[in-house]
Amino acid sequence: MPIKTSDHPFLTRLAESEADPFMQAAVAKAQDAQWDKRTAARQDLGNWAQWRELAEQIRQHVVRYLPDYLEEFADNVEARGGHVFFAKTDDEAANYIKQIAIDKGAQHVVKSKSMVTTEIDLDKKLLEIPGMSVLESDLAEFILEEDDFDEPTHIVFPTLHKNRDQIRTIFHDKLGYDGDNDPQHLARFARKYLRASFLQADLGVTGCNFAIADSGLINLVTNEGNADLVMAIPKTQVVVMGMERLVPSLKEAEVLDQMLSRSAVGQKLTSYATFAGRQVDGESDGPEDFYVVIVDNGRSNALGGDFEAVLQCIRCGACLNVCPVYRHIGGHGYGSIYPGPIGAVLSPVLRGYQEFGDLPFASSLCGACSETCPVKIPLHKLLIKHREVMENQLHMDHSFNNVLMKGIGVATGTPAMFRMAMGVDHTMFGPLSKKAPISTENFINNGGFVKNAPSLAKGWTDVRDLPRPPKHTENFRAWFKKHQSENKHA
Amino acid sequence: MTEREAFLDSLATAAKRPRHQLQDHPFKPLNDLPDTTLADLSADDLFALAEKSSEAVHVDFQTTTKAALPQALDAFLAAKAAKTPMLPTSTAFADFGLTTWRDQLTPQPSFWVPNAGREANIDTASHADAAIGFADYLLAESGTITVATTPGQGRAFHFLPTHYLAVIKKSHILSRSRQAMYRYEKAFADGSLKTSNINFITGPSNSGDIEMVLIVGVHGPLDMTYLVVEDM
Amino acid sequence: MKVAIFSTCIIDLLFPNVGAAMVEVLERFGCETTLPVKQICCGQPTFNSGYVKETQKVMHNEVDALLGVDADYIVGPAGSCVAMLKEYPEHLKDDPEYAAKAQALADKTYEFSQFVYRILHVADAGARLDATATYHRSCHMTRLLGERTAPFELLKHVQGLTMVPLPHLENCCGFGGMFSVKEPEISRQMVDEKVDSVLSTKAEILISCDQACLMNIVGRFNRRGEHIKVMHLAEVLNSNVDMDRVQYIDDADLVPGGGTYANQNQ
């Protein structure tokens, strides 16, 4: 699927997410478990603040000199006998890979998990080739594929929204599995099925965690080991990578692998971290033909501008795992293959505000994402920046009309108007205030509260009661004046 | 202009930064944490940490001596009830004093054979129920073995067999991945290492993709044993 | 010392009890307070909604108003609003007239609990409150201001008060300023989880240093018909005070704040 995963409007997606209590419970449970694991892994390393600074520096440096690093990497891939293709768009990338598959006469493609291949909709493109089979080998991606290409809901845990019963049913209906819903049994079944497919694979497609500029190797990390089989068995390998995923050398790759593993899954290193390129003389396995497809697909929109920091991302998913909004609306709520805080920043950069303008507003700006990010992307600030671009530069309208919001700007910037507001508040709210049940103490202190407010406050009272404001003779400023004069006379 | 040049130029234009500035601004890390973290551990400290870290990632961590190595390997194969063991083609057998053991091993092992070709070696590995390989280094911090692919010990050697044991010298226990990278970079630079692939392997294959329940043994080996040779 | 009260629009509009409690606590510890009358709002409602241009005048007004009175410090009863003032130097850095003033403002501005604990060096404010309570830590006070400890240190010494830890302390309550009115569908689910967390503690009182979060959480309590008493920390520290119990703390013994999103260490 391309970046956009749903044609449903944002509010419909939110309602769909809320109607899925299993998903919500699964996300909350995953977030809580990861919170402990991630925190422990970082404390265990020590000096986390300084490690973050180093990781940020590596990523900022690479983004700053990106064309130079891409050139160095491409030269080194070619020196190893590999091929490099630069793709401006998703279609260019997918078509190029399709042509490789046709030229090689490939019929059995195996893939390891890669967000960028999802982004360029590669599976569908390859399946246009008659007789072609495409197999996702990451367990989660395999489950989604067998479930008629269901949407991933997390960039590290794509099947977070599915439970074991649903997975059992998919395996039963699609693959003839007749065992129970024990995850161990389901995984063993998948292992056996996938192993047979691996052995007949003639084209392997992988993503790339980091591309090592000075050696022409790519770095992939997995826990399952599927990427290594994709890189070992087929004669041809195609690597698809977002253009920003470079590091100067093995040393920086090693630092970022550590940051990634600890942030994504709370491990010191994932089970497999591999640095690989085209087969060298004397070796039996590994790719004889090695292609790297470097994809822009909207990333250059971020270069040199306010959103450049988004290119620092190493796709650890930690920001999803701490996000209180993601906790409730899940991946599907965002309608992008990149959900959560990073998705809300990245999706509009890649595809614009018409498609993803809702996402930057779907945040309470709590800053948990910015706090956890191992490469120090100021995510909540970039969300505000998106809002600024939409409101101040593009004059887009987001659920409130601009006149109202600008009115607030004038009122909160003009002392005389604010004084008027404080004066009329109590009276204006008077007719709306209810004497109805008050279950709280020290909250509704001025005679009633509001249950159904109009205009700006409607969203508030859709959810919560609003205390009636005090009379202007009883507000804080009036109190302070009185208090001061009492002090003087005391 | 080539497609590559057009692409790179377009990035420079978008970024409003000229190309080819890196030469004058090479990467200089702002701190030396990768070098200094766990740098002051003694050999025994490293060993103790390696054991703890390995066990934390579900590795069967064993030790032996050079003299007792054959018995330790026999015990491993017996414990796994191996019927189709697989070995690499490697000069390490001589180094570890295992030439005779290798030549007399029963059941008769199969080998990853240089120049035997992709299909033959992959077929052998996929039918092996146990593999015994030689690792380059063991990283104490994370319980990670590192291994560079060679003609006699291919990539799939480490992934297709059902059970897997790596033999490592105690003197090759390093504190962290940074120290391993220095050694690989040096070996690339002086020409002593020609490889297409370096694996960092931290315990057996696993997945949490189904309800985040940990499953050990997905695509790679179902279990993993590290055998550290204490007097080497 | 002279303290200018940064009252915040929400206290001005809705909660005189909180402002009064803060003033009384500060005066008890020797502060001479003034209330700059031209102040209105820190500007977050418009700034965080993307109306950055429209917020310039709001920030200018606030700088002029708060610096316009003679004071050594500026103290406010809201971690979020104070964090915004602390960000003024960044927001106004290209403003030739206001960049330096913004820095001067930020340098002497403190959130209430921070000021009491870190500047006045009060460990025990002498308060007594016989109750079981839990504390909601606001996101902005924690992550933008970097103050995660001062309120807890002060609450530790309130006589008779039993504090119960709030589960999922780290999760946002769903207020988020305009977020709460623009995205009620999401905000409702967040505040419901927060209400449930508070209920799980069986606390009688919910305390915070951010009245806006409290307004959100307790507004939801009231809608759901659940019982809770709400108190700002200033009200707690202003309860049944006995000056004989007051204790101060040395600079060296202060518990660090814990860092902001940019520099905290875990």
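**The sheet in chain B**

Mentor: Chain B has an open sheet of six strands, paired in parallel, in the order β1-β12-β7-β4-β2-β3. Keep in mind that this is a predicted model.

Trainee: Which strands of chain B stand at the edges?

Mentor: β1 (60-64) and β3 (110-111) of chain B. Each has a single partner strand, so one side of each is left without a neighbour in the sheet.

Trainee: How many bridges pair β1(B) with β12 of chain B?

Mentor: Five, in the parallel sense, with β12 covering residues 223-229 of chain B. Within that pairing, B:Thr63 stands opposite B:Val228 in β12(B).

Trainee: And the rest of chain B, what does its secondary structure come to?

Mentor: Eight helices and twelve strands. The C-alpha atoms of chain B fill a box of roughly 65 × 45 × 45 Å along the principal axes. Of the 232 residues in chain B, 45% count as buried. Take the contacts in chain B between residues at least 6 apart in sequence: 76% of them join residues at least 24 apart.

Trainee: Switching to chain C. What are the helix and strand counts there?

Mentor: Chain C has 13 helices and ten strands. Its radius of gyration is 18 Å, close to the 18 Å the globule rule gives for 266 residues, so chain C is as compact as a globular protein of that length. The box for the C-alpha atoms of chain C is roughly 50 × 50 × 40 Å, again along the principal axes.

Trainee: What percentage of chain C is buried?

Mentor: 60% of its 266 residues. For contacts in chain C between residues at least 6 apart in sequence, 80% link residues at least 24 apart.

Trainee: Where do the domains of chain C run?

Mentor: The assignment puts domain 1 of chain C at 2-118 and domain 2 at 123-244. The centres of the two domains, taken over C-alpha atoms, are separated by 21 Å.

Trainee: How many residues of each are in contact?

Mentor: 28 residues of domain 1 of chain C contact 25 residues of domain 2 of chain C. On the domain 1 side, α1 (9-13), α2 (16-28), α3 (44-47), α5 (79-91) and α7 (112-119) of chain C each supply at least two residues. α2(C) gives the most to that side, with seven residues.

Trainee: How does that side of domain 1 divide by residue class?

Mentor: Into 15 nonpolar, eight polar and five charged residues.

Trainee: Now chain A against chain C. How many residues are in contact?

Mentor: 70 residues of chain A are in contact with 71 residues of chain C. Helix α18 (residues 379-393) of chain A provides the largest share of chain A's side, six residues. By class, that side has 36 nonpolar, 19 polar and 15 charged residues.

Trainee: Last one: A:Pro9. Buried or exposed?

Mentor: Exposed, because A:Pro9 has 11 C-beta neighbours inside 10 Å, and the cut-off for exposed is 12 or fewer. A:Pro9 lies in the segment before α1 (10-18) of chain A.

Conventions. Residues numbered from 1 in each chain as written. Chains lettered and ligands numbered in written order. Predicted model: local features only at pLDDT ≥ 70, side-chain atom pairs only at ≥ 80, totals over all residues. Helix = DSSP H or I, 4+ residues; strand = E, 2+ residues; numbered from the N terminus. Buried ≥ 20, exposed ≤ 12 C-beta atoms within 10 Å, placed from the backbone. Contact = placed C-beta atoms within 7 Å. Domains from an automatic or database assignment. Nonpolar A, V, L, I, M, F, W, Y, C, P; charged D, E, K, R; others polar. Rg over C-alpha atoms; globule rule 2.2 N^0.38 Å. Pairing = 2+ DSSP bridges.
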